[in-house]
Amino acid sequence: MLAVEVRQFVGGDLQTLVPQVIGQTAASEQKKSGSRPPVNWDERTFLQSATEKWNLTEEQLHAMQCLLEFSRKRADDLGWGAGRIYGSFSPKFLKVSPRSLYTVQADGRLTVNFAWLDHTEEEKTFRERFADELKTIPAFASRIKQPDGYSGFTIEEWRGEVDKFIAVVDKIVP
């Protein structure tokens, strides 16, 4: 929406009218805010982003693909993010919670979503067990202090322990 404001300046025998456009067009708003439309991620675009944008190594991609494959086979639902910059996948194990246990982003970050496991006593009990089991894995042990928030790990922190992470999830998810 646009409007025109006209200011009048008077001085002596002179009168000056100065128009000023107020407001922004939709195009200029988007350009100034730098916003981009959301991306509908899928496996192809996620892995493409991991490879081309984030330059993950073969070893890092292998770890990510192992966790993706496990999540696809074992989870009840595999959700893909809609982030503008970061693609992600988030598996849901519905016998535990309608929300995801963890999220993996295309740059390799793994976030354990403890904070989302707090709606029922069963979820809270599962959360405590999940945290205790993850603490047995050296790469995770020092970073999981209070299992009521989010614990994030870079791909370099978790890639060497991906099999152990998968084993924990497989062991404790009914």
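K124 is partly exposed, at 30% relative accessibility. Partly exposed lies between buried (under 20% relative accessible area) and exposed (over 50%), using a 1.4 Å probe and protein chains only. The partner of K124 in a salt bridge is E121, at 3.8 Å from N to O. A salt bridge here is a side-chain nitrogen of Lys or Arg within 4 Å of a carboxyl oxygen of Asp or Glu. E121 is exposed, at 54%.

Both residues sit in helix α4 (residues 121-134), three residues apart, about one turn of the helix. Helices are DSSP runs (H or I, at least four residues), numbered from the N terminus.

## Model and numbering

This is a predicted model, where local features need pLDDT of at least 70, side-chain atom pairs count only at pLDDT 80 or more, and totals for chains, interfaces and linings use all residues. Residues are numbered from 1 along each chain as its sequence is written, and side-chain values use heavy atoms, without hydrogens and water.

## From α4 to α7

E133 and K171 form a salt bridge, at 3.3 Å from N to O. The pair links distant parts of the chain: E133 is in helix α4 and K171 in helix α7 (residues 162-172), 38 residues apart. E133 is buried, at 18%. K171 is exposed, at 54%.

## From α2 to α3

The count of salt bridges is 12. In one of them, E43 pairs with R72, and the closest N and O atoms are 2.5 Å apart. E43 lies in helix α2 (residues 43-53) and R72 in helix α3 (residues 58-74), so the pair ties together parts 29 residues apart in sequence. E43 is partly exposed, at 30%. R72 is partly exposed too, at 35%.

A network of salt bridges links E43, E69, R72 and K73.

Key: Helices (H or I, at least four residues) and strands (E, at least two) are DSSP runs, numbered from the N terminus.
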